[in-house]
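My notes follow in the order I checked things.

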Amino acid sequence: MDKFKDNSLIANLVSSYMKSTGEGLFTTRTVGELLWGYEDKLLTTLKFLQPDLDDVFGLFYKTNASNDGEYVFFTGQQDYMDFARVDSWKGESSLNWWTSDECNMINGTNGASFHPVITKNETLYMFSSDLCRSLYALYEEDVTVKGIPGYRFTPPSKVFANTTVNPANAGFCVPAGNCLGSGVLNVSACKQGAPIIMSSPHFYQAEEKFVQDVFGMNPQKEYHQTAIDINPLTGFILQAAKRIQVNVYVEKIDTFSQTGNVRTVIFPVVYLNESVVIDETSAKKLRAIDLKQNVVVNIPFMLIGLGILLGGLFMFLMCQQKIPESTAAERVYLLSS
């Protein structure tokens with residue numbers, strides 16, 4: 001509807017068609033159809049007016065059992081900090097959906113792996129094709145996964161904050177200046193114009209108004225936060241949970257009578273929790289690496305401790321050694337001198 005709202009002729013035709021067929025704003029579909037696509041009668045009809053329009057709709061249409069595009073990565077041979085960093089995606093080194101060069105940058109890895117020797121004060125950058133943008137994560141706490149030490153990194157609320165909190169996010173407002181608020185991202189520019197809004201599940205870290213607008217929202221950090229647990233020595237992911245919510249932007253459109261009683265709201269459709277944890281075979285190898293690393297790191301301290309121990313033992317033995325008494329002849333010589 002949003003695509004044709006400015007064309008009164010087509011808008012009236014669509015509205016009339018919907019009335020004649022009994023189609024409303026909402027439809028009932030299976031989970032499979034909603035995720036991977038179904039042929040929509042309205043879109044099929046509109047295709048006669050606009051041939052390039054796809055008559056199949058699905059939140060993840062054309063992405064089932066397929067990759068999200070060709071990546072070119074740095075190997076890290078010249079600089080280990082560049083390991084797994086994305087050089088280009090789909091043949092491009094930057095995006096073209098957003099309204100600033102900074103927001104169109106492809107930064108960091110694709111989130112599947114990171115460079116070795118990670119420190120707590122680092123900022124880890126990632127590019128997410130699902131969100132159509134780059135983002136970053138900061139250290140939150142130490143964790144242990146299957147006996148392997150790790151650092152937990154999470155995206156701070158500033159990543160999706162409004163322009164008052166984070167002015168750099170102005171480039172993510174599309175059209176330019178049309179900012180929805182903290183915690184939500186309008187990705188319609190990269191979703192063929194569909195009014196898709198991304199957020200964390202239950203509008204976690206979003207403005208309270210989005211939570212209050214929809215009954216049943218109950219954001220909780222434990223269940224709705226995106227987090228990555230990384231082994232700092234190797235950069236391997238120990239455990240991760242990517243949690244995103246797909247919403248649609250619903251508003252009243254004057255040229256469509258079907259939207260007459262609709263209030264403007266960001267309406268949740270589905271949320272995803274893509275979680276992964278290291279398998280036991282890999283965990284065993286990492287535990288062995290971690291043990292060797294601990295031994296190597298502690299060798300200097302072990303040598304210092306051994307030196308102190310041997311020095312103390314030597315002093316003890318010296319103190320216990322008896323000095324032989326002088327003979328009578330030696331005493332007479334000393335007294336005469």
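Is C179 buried, partly exposed or exposed? I looked it up in this predicted model. C179 has 36% relative accessibility, so C179 counts as partly exposed.

Next I checked the partner. C179 is joined to C173 by a disulfide, with 2.0 Å from S to S. The torsion about that S-S bond is about 110 degrees, so the link is right-handed. C173 is buried, at 6% relative accessible area. I also noted C103, which is in no disulfide; the nearest cysteine sulfur belongs to C173, 8.3 Å away. C103 is buried, at 4%.

I counted two disulfides. C132 and C190 form one of them, their sulfur atoms 2.0 Å apart. C132 sits in the loop between β5 and β6 and C190 in the loop between β8 and β9, so the pair ties together parts 58 residues apart in sequence. I found C132 buried at 2% and C190 buried at 17%. The bonding pattern along the chain is 1-4, 2-3.

Then I turned to strand β10, residues 227-230. A227 and D229 point one way, I228 and I230 the other, and all are buried. In a regular strand, side chains alternate between the two faces of the sheet. β10 runs antiparallel to β7, with three bridges, and antiparallel to β11, with four. I found D229 opposite R152 and opposite Q239 in β11.

Last, I looked at the surface. L25, F26, F267 and V269 form a nonpolar patch there, with about 350 Å² of accessible area together. F267 lies in strand β12 and is partly exposed, at 35%.

Conventions
Residues numbered from 1 in each chain as written. Predicted model: local features only at pLDDT ≥ 70, side-chain atom pairs only at ≥ 80, totals over all residues. Heavy atoms only, no water. Patch = residues over 30% accessible without salt bridge, like charges linked within 9 Å, V, L, I, M, F, W, Y side chains within 5 Å. Areas by Shrake-Rupley, 256 points an atom, 1.4 Å probe, with all protein chains shown as cover. Salt bridge = Lys/Arg side-chain N within 4 Å of Asp/Glu carboxyl O. Helix = DSSP H or I, 4+ residues; strand = E, 2+ residues; numbered from the N terminus. Buried < 20%, exposed > 50% of the residue type's maximum accessible area, 1.4 Å probe, protein only. Pairing = 2+ DSSP bridges. Disulfide = S-S within 2.5 Å.
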